[in-house]
Amino acid sequence: MKKILLVDDSRAVRLVGTRMAREIGLEPLEAENGQKALDVCRETLDIDVILLDWNMPIMDGLTFLKKLREEDREKQPVVVMCTTENDMPRIIEAMSAGANEYIMKPFTTDIVREKLIETGVI
Amino acid sequence: MNPADYEYLSNFLLQRSGLSLGAGKEYLLEARLIPLAQSLGFSDIHELVNCLRLGKDKRIEFAVTEAMTTNETSFFRDKKPFDEITSLLKEIIEARSSIKRLRIWCAAASTGQEPYSLTMHLYDQFPFLTSWMFEIVGTDISEKALETARNGIYTQFEVQRGLPVQKLMSCFDHVENGWKIKERLQKPIKYKQLNLLEDFMHLGQFDLILCRNVLIYFRNETKADIVNRFRKQIAGDGFLLLGAAETMLGVSDEFERLREFNSALYRPAVKEAAKK
(Lines give C-alpha, C1' and ligand atoms only; values in the text may rest on other atoms or scores of the structure.)
Protein backbone atom coordinates (compact mmCIF):
# COMPACT_ATOMS: atom_id res chain seq x y z
CA MET A 1 0.00 0.00 0.00
CA LYS A 2 1.34 3.45 -0.90
CA LYS A 3 2.11 5.82 1.97
CA ILE A 4 0.83 9.35 2.39
CA LEU A 5 2.20 11.75 5.00
CA LEU A 6 -0.36 14.27 6.24
CA VAL A 7 1.37 17.39 7.55
CA ASP A 8 -0.93 19.85 9.31
CA ASP A 9 -0.94 21.48 12.75
CA SER A 10 -4.69 20.99 12.99
CA ARG A 11 -5.57 17.62 14.48
CA ALA A 12 -9.02 17.86 12.90
CA VAL A 13 -7.55 18.30 9.41
CA ARG A 14 -5.19 15.35 9.97
CA LEU A 15 -8.17 13.29 11.07
CA VAL A 16 -10.14 14.18 7.94
CA GLY A 17 -7.03 13.53 5.83
CA THR A 18 -6.55 10.12 7.43
CA ARG A 19 -10.13 9.15 6.61
CA MET A 20 -9.74 10.36 3.02
CA ALA A 21 -6.42 8.53 2.62
CA ARG A 22 -7.99 5.24 3.73
CA GLU A 23 -10.92 5.85 1.40
CA ILE A 24 -8.51 6.33 -1.50
CA GLY A 25 -6.50 3.25 -0.47
CA LEU A 26 -3.36 4.86 0.98
CA GLU A 27 -1.60 4.22 4.29
CA PRO A 28 -1.65 7.47 6.29
CA LEU A 29 1.20 8.84 8.41
CA GLU A 30 0.94 12.10 10.33
CA ALA A 31 3.09 15.05 11.38
CA GLU A 32 2.01 18.25 13.13
CA ASN A 33 4.65 20.60 11.73
CA GLY A 34 7.49 20.78 9.21
CA GLN A 35 10.18 19.64 11.66
CA LYS A 36 8.17 16.56 12.68
CA ALA A 37 7.53 15.88 8.99
CA LEU A 38 11.27 15.96 8.26
CA ASP A 39 11.83 13.47 11.09
CA VAL A 40 9.16 11.14 9.67
CA CYS A 41 10.64 11.44 6.18
CA ARG A 42 14.12 10.55 7.49
CA GLU A 43 12.76 7.51 9.32
CA THR A 44 10.42 6.36 6.57
CA LEU A 45 12.19 6.46 3.23
CA ASP A 46 9.38 5.09 1.09
CA ILE A 47 6.76 7.80 1.51
CA ASP A 48 4.99 8.26 -1.81
CA VAL A 49 3.15 11.51 -1.30
CA ILE A 50 2.93 14.35 1.21
CA LEU A 51 -0.16 16.50 1.74
CA LEU A 52 1.41 19.65 3.13
CA ASP A 53 -0.08 22.59 4.98
CA TRP A 54 1.68 25.95 4.68
CA ASN A 55 1.23 27.80 7.98
CA MET A 56 2.42 25.76 10.95
CA PRO A 57 4.41 26.51 14.13
CA ILE A 58 8.09 25.49 14.57
CA MET A 59 8.63 24.89 10.84
CA ASP A 60 6.22 25.98 8.11
CA GLY A 61 5.36 23.93 5.04
CA LEU A 62 7.43 25.93 2.57
CA THR A 63 10.59 25.67 4.67
CA PHE A 64 10.01 21.93 5.06
CA LEU A 65 9.51 21.56 1.30
CA LYS A 66 12.77 23.37 0.51
CA LYS A 67 14.69 21.27 3.03
CA LEU A 68 13.14 18.05 1.74
CA ARG A 69 14.04 18.85 -1.85
CA GLU A 70 17.66 19.58 -0.81
CA GLU A 71 17.98 16.14 0.79
CA ASP A 72 19.80 13.44 -1.09
CA ARG A 73 17.11 10.77 -1.13
CA GLU A 74 16.68 7.78 -3.34
CA LYS A 75 13.00 8.58 -3.61
CA GLN A 76 11.63 12.13 -3.52
CA PRO A 77 7.95 12.02 -2.58
CA VAL A 78 5.29 13.86 -4.53
CA VAL A 79 4.31 16.96 -2.56
CA VAL A 80 0.82 18.40 -2.77
CA MET A 81 0.46 21.69 -0.94
CA CYS A 82 -2.85 21.83 0.89
CA THR A 83 -3.42 25.27 2.31
CA THR A 84 -5.67 28.27 2.77
CA GLU A 85 -3.04 30.35 0.96
CA ASN A 86 -4.81 30.91 -2.34
CA ASP A 87 -3.06 33.88 -3.95
CA MET A 88 -1.30 33.35 -7.25
CA PRO A 89 2.11 34.56 -5.95
CA ARG A 90 1.94 32.00 -3.13
CA ILE A 91 1.03 29.21 -5.56
CA ILE A 92 3.95 30.17 -7.80
CA GLU A 93 6.27 30.30 -4.76
CA ALA A 94 5.28 26.78 -3.68
CA MET A 95 5.57 25.35 -7.19
CA SER A 96 9.00 26.97 -7.62
CA ALA A 97 10.12 25.40 -4.33
CA GLY A 98 9.31 21.95 -5.67
CA ALA A 99 5.64 21.26 -4.98
CA ASN A 100 3.99 19.01 -7.54
CA GLU A 101 0.40 20.10 -7.07
CA TYR A 102 -1.63 22.56 -5.07
CA ILE A 103 -4.93 22.25 -3.22
CA MET A 104 -6.72 25.25 -1.80
CA LYS A 105 -8.63 24.52 1.42
CA PRO A 106 -11.39 23.61 1.95
CA PHE A 107 -11.13 20.49 -0.16
CA THR A 108 -13.05 17.29 -0.87
CA THR A 109 -11.96 13.67 -1.28
CA ASP A 110 -12.64 13.97 -5.03
CA ILE A 111 -10.24 16.90 -5.35
CA VAL A 112 -7.52 15.03 -3.43
CA ARG A 113 -8.10 11.91 -5.52
CA GLU A 114 -7.88 13.88 -8.79
CA LYS A 115 -4.66 15.58 -7.72
CA LEU A 116 -3.16 12.21 -6.77
CA ILE A 117 -4.12 10.82 -10.18
CA GLU A 118 -2.72 13.93 -11.88
CA THR A 119 0.62 13.48 -10.14
CA GLY A 120 0.74 9.73 -10.86
CA VAL A 121 0.50 8.65 -7.22
CA ILE A 122 -2.57 6.50 -7.81
CA MET B 1 -43.84 13.21 -4.96
CA ASN B 2 -47.24 11.99 -6.08
CA PRO B 3 -47.46 9.95 -9.32
CA ALA B 4 -49.61 12.55 -11.10
CA ASP B 5 -47.04 15.30 -10.48
CA TYR B 6 -44.24 13.00 -11.61
CA GLU B 7 -46.08 12.20 -14.83
CA TYR B 8 -46.84 15.86 -15.47
CA LEU B 9 -43.21 16.90 -14.93
CA SER B 10 -41.93 14.02 -17.10
CA ASN B 11 -44.17 15.09 -19.98
CA PHE B 12 -43.39 18.76 -19.48
CA LEU B 13 -39.62 18.14 -19.63
CA LEU B 14 -39.94 15.80 -22.59
CA GLN B 15 -41.84 18.41 -24.59
CA ARG B 16 -39.65 21.33 -23.55
CA SER B 17 -36.18 19.85 -23.73
CA GLY B 18 -36.39 16.25 -24.94
CA LEU B 19 -35.31 15.11 -21.49
CA SER B 20 -36.66 11.58 -21.09
CA LEU B 21 -36.84 10.70 -17.42
CA GLY B 22 -38.54 7.32 -17.67
CA ALA B 23 -39.75 5.65 -14.50
CA GLY B 24 -38.26 5.87 -11.03
CA LYS B 25 -36.39 9.17 -11.25
CA GLU B 26 -38.33 10.86 -8.46
CA TYR B 27 -35.07 11.36 -6.54
CA LEU B 28 -33.60 13.37 -9.41
CA LEU B 29 -36.64 15.62 -9.71
CA GLU B 30 -36.77 16.13 -5.96
CA ALA B 31 -33.04 16.86 -5.65
CA ARG B 32 -33.27 19.62 -8.21
CA LEU B 33 -36.80 20.94 -7.84
CA ILE B 34 -37.24 21.12 -4.05
CA PRO B 35 -34.53 23.84 -3.77
CA LEU B 36 -36.03 25.60 -6.80
CA ALA B 37 -39.58 25.43 -5.40
CA GLN B 38 -38.35 26.90 -2.11
CA SER B 39 -36.42 29.68 -3.82
CA LEU B 40 -39.55 30.60 -5.81
CA GLY B 41 -41.66 30.74 -2.65
CA PHE B 42 -43.65 27.49 -3.09
CA SER B 43 -44.10 25.22 -0.09
CA ASP B 44 -43.36 22.05 -2.08
CA ILE B 45 -43.07 20.53 -5.55
CA HIS B 46 -46.84 19.96 -5.73
CA GLU B 47 -47.45 23.72 -5.57
CA LEU B 48 -44.79 24.28 -8.21
CA VAL B 49 -46.43 21.71 -10.50
CA ASN B 50 -49.84 23.33 -9.99
CA CYS B 51 -48.37 26.61 -11.12
CA LEU B 52 -46.87 24.92 -14.19
CA ARG B 53 -50.25 23.38 -15.00
CA LEU B 54 -51.79 26.84 -15.20
CA GLY B 55 -49.26 27.66 -17.91
CA LYS B 56 -49.27 31.35 -17.08
CA ASP B 57 -45.77 31.95 -15.82
CA LYS B 58 -43.12 31.45 -18.49
CA ARG B 59 -40.34 32.30 -16.02
CA ILE B 60 -41.23 29.29 -13.90
CA GLU B 61 -41.37 27.00 -16.95
CA PHE B 62 -37.94 28.32 -17.88
CA ALA B 63 -36.54 27.86 -14.35
CA VAL B 64 -37.78 24.25 -14.11
CA THR B 65 -36.25 23.40 -17.50
CA GLU B 66 -32.97 25.03 -16.48
CA ALA B 67 -32.85 23.23 -13.15
CA MET B 68 -33.33 19.85 -14.79
CA THR B 69 -30.98 20.29 -17.75
CA THR B 70 -27.92 21.76 -16.08
CA ASN B 71 -25.50 18.91 -15.57
CA GLU B 72 -22.31 18.43 -13.66
CA THR B 73 -19.21 19.45 -15.53
CA SER B 74 -15.55 20.03 -14.78
CA PHE B 75 -12.39 21.09 -16.55
CA PHE B 76 -10.85 18.33 -18.70
CA ARG B 77 -13.72 16.04 -17.79
CA ASP B 78 -12.70 12.38 -18.26
CA LYS B 79 -9.27 13.63 -19.49
CA LYS B 80 -8.78 10.81 -22.03
CA PRO B 81 -10.89 12.34 -24.84
CA PHE B 82 -8.71 15.45 -24.81
CA ASP B 83 -5.62 13.36 -25.53
CA GLU B 84 -7.39 11.26 -28.13
CA ILE B 85 -8.89 14.09 -30.15
CA THR B 86 -5.40 15.60 -30.49
CA SER B 87 -4.24 13.01 -33.00
CA LEU B 88 -7.48 13.25 -34.98
CA LEU B 89 -7.37 17.03 -34.99
CA LYS B 90 -3.74 16.94 -36.11
CA GLU B 91 -4.87 15.30 -39.38
CA ILE B 92 -7.68 17.79 -39.84
CA ILE B 93 -5.43 20.73 -39.08
CA GLU B 94 -2.92 19.51 -41.67
CA ALA B 95 -5.73 19.21 -44.20
CA ARG B 96 -6.87 22.78 -43.39
CA SER B 97 -3.38 24.29 -43.44
CA SER B 98 -4.03 26.26 -46.60
CA ILE B 99 -7.37 27.75 -45.53
CA LYS B 100 -6.31 28.06 -41.87
CA ARG B 101 -9.79 27.52 -40.56
CA LEU B 102 -10.98 25.22 -37.79
CA ARG B 103 -14.46 25.11 -36.28
CA ILE B 104 -15.56 23.15 -33.22
CA TRP B 105 -19.00 22.91 -31.63
CA CYS B 106 -19.52 22.12 -27.96
CA ALA B 107 -23.19 21.19 -28.11
CA ALA B 108 -23.59 21.04 -24.33
CA ALA B 109 -21.24 23.78 -23.22
CA SER B 110 -22.95 24.18 -19.85
CA THR B 111 -20.94 26.60 -17.67
CA GLY B 112 -18.00 26.69 -20.09
CA GLN B 113 -15.52 24.21 -18.65
CA GLU B 114 -15.48 22.06 -21.79
CA PRO B 115 -14.87 24.85 -24.34
CA TYR B 116 -12.23 26.44 -22.11
CA SER B 117 -10.55 23.05 -21.62
CA LEU B 118 -10.45 22.81 -25.40
CA THR B 119 -8.84 26.21 -25.93
CA MET B 120 -6.31 25.50 -23.15
CA HIS B 121 -5.48 22.11 -24.64
CA LEU B 122 -5.45 23.08 -28.31
CA TYR B 123 -3.37 26.24 -27.85
CA ASP B 124 -0.85 24.05 -26.01
CA GLN B 125 -0.79 21.43 -28.75
CA PHE B 126 -1.18 23.71 -31.77
CA PRO B 127 0.01 27.20 -30.75
CA PHE B 128 -0.26 28.48 -34.34
CA LEU B 129 -4.06 28.29 -34.03
CA THR B 130 -3.95 31.78 -32.54
CA SER B 131 -3.33 33.07 -36.06
CA TRP B 132 -6.02 30.85 -37.65
CA MET B 133 -9.73 31.43 -38.06
CA PHE B 134 -10.27 29.18 -35.07
CA GLU B 135 -13.72 29.18 -33.61
CA ILE B 136 -15.50 27.23 -30.90
CA VAL B 137 -19.25 27.56 -30.71
CA GLY B 138 -20.56 26.71 -27.26
CA THR B 139 -24.29 26.10 -27.02
CA ASP B 140 -26.53 25.06 -24.18
CA ILE B 141 -30.24 25.06 -23.40
CA SER B 142 -29.57 26.92 -20.16
CA GLU B 143 -29.08 30.66 -20.45
CA LYS B 144 -28.05 30.77 -16.80
CA ALA B 145 -25.24 28.26 -17.42
CA LEU B 146 -24.12 30.25 -20.46
CA GLU B 147 -23.94 33.41 -18.40
CA THR B 148 -21.35 31.72 -16.17
CA ALA B 149 -19.56 30.48 -19.29
CA ARG B 150 -19.42 33.97 -20.79
CA ASN B 151 -18.11 35.47 -17.56
CA GLY B 152 -15.45 32.79 -17.34
CA ILE B 153 -15.14 33.18 -13.56
CA TYR B 154 -15.01 30.03 -11.47
CA THR B 155 -14.92 29.28 -7.77
CA GLN B 156 -11.97 27.77 -5.95
CA PHE B 157 -13.81 24.42 -5.95
CA GLU B 158 -14.47 24.54 -9.68
CA VAL B 159 -10.88 25.31 -10.68
CA GLN B 160 -9.65 22.45 -8.55
CA ARG B 161 -11.82 19.90 -10.36
CA GLY B 162 -9.76 18.43 -13.18
CA LEU B 163 -7.47 21.41 -13.64
CA PRO B 164 -3.74 20.84 -12.96
CA VAL B 165 -2.21 23.71 -11.00
CA GLN B 166 0.17 24.50 -13.87
CA LYS B 167 -2.86 25.21 -16.07
CA LEU B 168 -4.41 27.30 -13.30
CA MET B 169 -1.25 29.38 -13.14
CA SER B 170 -0.92 29.90 -16.88
CA CYS B 171 -4.57 30.20 -17.91
CA PHE B 172 -6.35 32.03 -15.07
CA ASP B 173 -6.13 35.26 -13.13
CA HIS B 174 -7.08 35.42 -9.47
CA VAL B 175 -9.86 38.01 -9.23
CA GLU B 176 -11.96 39.22 -6.32
CA ASN B 177 -14.79 36.73 -6.83
CA GLY B 178 -12.84 33.72 -8.03
CA TRP B 179 -10.59 32.66 -10.88
CA LYS B 180 -11.05 34.21 -14.31
CA ILE B 181 -10.01 32.51 -17.51
CA LYS B 182 -7.56 34.64 -19.51
CA GLU B 183 -9.04 36.66 -22.34
CA ARG B 184 -6.91 34.99 -25.02
CA LEU B 185 -8.62 31.69 -24.15
CA GLN B 186 -12.08 33.22 -24.25
CA LYS B 187 -11.55 34.93 -27.57
CA PRO B 188 -12.20 31.99 -29.94
CA ILE B 189 -15.42 30.99 -28.15
CA LYS B 190 -18.91 32.21 -29.01
CA TYR B 191 -21.73 31.16 -26.70
CA LYS B 192 -25.31 30.80 -27.93
CA GLN B 193 -28.46 29.53 -26.28
CA LEU B 194 -29.77 26.51 -28.18
CA ASN B 195 -32.24 23.70 -27.61
CA LEU B 196 -30.98 20.68 -29.54
CA LEU B 197 -34.59 19.75 -30.36
CA GLU B 198 -34.76 22.87 -32.51
CA ASP B 199 -33.11 23.56 -35.85
CA PHE B 200 -29.38 24.31 -35.70
CA MET B 201 -28.51 24.53 -39.39
CA HIS B 202 -27.66 28.22 -38.93
CA LEU B 203 -24.58 27.28 -36.89
CA GLY B 204 -22.81 26.12 -40.06
CA GLN B 205 -20.32 23.31 -40.60
CA PHE B 206 -17.87 21.94 -38.04
CA ASP B 207 -14.71 19.85 -37.99
CA LEU B 208 -15.49 18.46 -34.56
CA ILE B 209 -18.71 18.28 -32.58
CA LEU B 210 -18.64 17.43 -28.88
CA CYS B 211 -21.93 16.32 -27.42
CA ARG B 212 -21.07 14.55 -24.21
CA ASN B 213 -23.48 13.23 -21.62
CA VAL B 214 -26.55 14.80 -23.18
CA LEU B 215 -28.01 12.23 -25.57
CA ILE B 216 -28.20 9.79 -22.69
CA TYR B 217 -31.22 11.73 -21.40
CA PHE B 218 -33.13 11.54 -24.71
CA ARG B 219 -35.39 8.86 -26.16
CA ASN B 220 -33.90 6.87 -29.04
CA GLU B 221 -35.93 8.63 -31.74
CA THR B 222 -34.87 12.03 -30.39
CA LYS B 223 -31.22 10.87 -30.26
CA ALA B 224 -31.48 9.68 -33.87
CA ASP B 225 -32.98 12.96 -35.00
CA ILE B 226 -30.21 14.98 -33.33
CA VAL B 227 -27.26 12.88 -34.53
CA ASN B 228 -28.66 12.70 -38.06
CA ARG B 229 -28.78 16.49 -38.06
CA PHE B 230 -25.23 16.58 -36.63
CA ARG B 231 -24.20 14.53 -39.67
CA LYS B 232 -25.35 17.29 -42.00
CA GLN B 233 -23.14 19.78 -40.22
CA ILE B 234 -19.97 17.83 -39.81
CA ALA B 235 -17.19 17.91 -42.40
CA GLY B 236 -16.58 14.66 -44.32
CA ASP B 237 -13.28 14.19 -42.47
CA GLY B 238 -14.62 15.61 -39.21
CA PHE B 239 -15.70 13.69 -36.17
CA LEU B 240 -18.12 13.56 -33.29
CA LEU B 241 -17.35 12.93 -29.62
CA LEU B 242 -20.02 11.52 -27.34
CA GLY B 243 -19.86 10.83 -23.59
CA ALA B 244 -18.08 7.74 -22.32
CA ALA B 245 -21.35 5.92 -21.55
CA GLU B 246 -23.08 6.89 -24.80
CA THR B 247 -23.37 4.89 -28.00
CA MET B 248 -24.73 5.28 -31.50
CA LEU B 249 -25.56 1.57 -31.63
CA GLY B 250 -29.20 1.11 -32.57
CA VAL B 251 -29.64 4.86 -32.85
CA SER B 252 -28.19 5.90 -36.21
CA ASP B 253 -26.02 4.48 -38.97
CA GLU B 254 -24.89 7.91 -40.09
CA PHE B 255 -21.70 7.56 -38.02
CA GLU B 256 -19.20 4.81 -37.45
CA ARG B 257 -17.24 4.28 -34.24
CA LEU B 258 -13.48 4.76 -34.34
CA ARG B 259 -12.54 1.54 -32.59
CA GLU B 260 -8.88 2.41 -32.15
CA PHE B 261 -9.83 4.96 -29.49
CA ASN B 262 -11.23 4.38 -26.00
CA SER B 263 -13.38 7.50 -26.15
CA ALA B 264 -16.73 7.46 -27.95
CA LEU B 265 -15.37 8.99 -31.16
CA TYR B 266 -17.32 8.72 -34.42
CA ARG B 267 -16.65 9.54 -38.05
CA PRO B 268 -19.37 10.14 -40.63
CA ALA B 269 -20.15 6.71 -42.12
CA VAL B 270 -19.16 6.01 -45.70
CA LYS B 271 -22.30 4.51 -47.22
CA GLU B 272 -22.11 1.53 -49.63
CA ALA B 273 -23.44 3.56 -52.58
CA ALA B 274 -20.77 6.17 -51.99
CA LYS B 275 -18.06 3.51 -51.75
CA LYS B 276 -18.98 2.21 -55.22
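Contact here means heavy atoms within 4.5 Å. With that in hand, a look at this predicted model can start from chain B and one of its helices.

Over at the β6(B) end, strand β2 (residues 133-140) of chain B runs parallel to β6(B), and 5 bridges join the two. B:Val137 stands opposite B:Lys190 of β6(B).

Chain B has a further open sheet, this one of 3 strands in the order β3-β5-β4, and its pairing is antiparallel. Here β3 (153-154) and β4 (172-175) of chain B have a single partner strand each, so one side of each is left without a neighbour in the sheet. The partner of β4(B) is β5 (residues 178-181) of chain B; the two run antiparallel and are joined by 4 bridges. Across this pairing, B:Phe172 stands opposite B:Ile181 in β5(B).

Next comes helix α4 (residues 58-69) of chain B. Its 12 residues should span 16 Å at 1.5 Å a residue, and the end C-alpha atoms are 17 Å apart, which agrees. The helix is mostly covered, with 9 of its 12 residues buried; among them are B:Ile60, B:Val64 and B:Met68. The cover comes from elements that include α1 (3-17), α2 (26-39), α3 (45-54) and α7 (143-151) of chain B. The N-terminal end of α4(B) is capped by B:Asp57, which has a side-chain oxygen 3.1 Å from the backbone nitrogen of B:Arg59.

Some loop residues of chain B are worth a look too. B:Arg212 is found between β7 and α11 (220-232) of chain B. Since buried means under 20% relative accessible area, B:Arg212 counts as buried because its relative accessibility is 7%. The side chain of B:Arg212 is joined to that of B:Glu114 by a polar contact of 2.8 Å, and other residues that B:Arg212 touches include B:Asp78, B:Phe82 and B:Leu241. B:Asn213 lies in the loop between β7 and α11 of chain B and, at 17% relative accessibility, counts as buried. Phi of B:Asn213 is positive, near 60 degrees, although this residue is not a glycine. B:Asp78 is not a glycine either, and has a positive phi of about 70 degrees. The loop that holds B:Asp78 is the one between α4 and α5 of chain B, and with 44% relative accessibility B:Asp78 counts as partly exposed.

In chain A, the peptide bond from A:Lys105 to A:Pro106 is cis, with omega near 0 degrees. A:Pro106 is placed in the loop between β5 (101-104) and α5 (109-118) of chain A.

As for confidence, chain B averages a pLDDT of 92, and 98% of the residues score at least 70. For the complex, the predictor gives an ipTM of 0.87 and a pTM of 0.86.

Note on methods. Residues numbered from 1 in each chain as written. Chains lettered and ligands numbered in written order. Predicted model: local features only at pLDDT ≥ 70, side-chain atom pairs only at ≥ 80, totals over all residues. Heavy atoms only, no water. Expected span 1.5 Å × (residues − 1). Buried < 20%, exposed > 50% of the residue type's maximum accessible area, 1.4 Å probe, protein only. Polar contact = N/O pair within 3.5 Å; in protein donor to acceptor, adjacent residues only side chain to side chain. Pairing = 2+ DSSP bridges. pLDDT = per-residue confidence, 0-100. Lists of a residue's contacts leave out its neighbours within four places in sequence.
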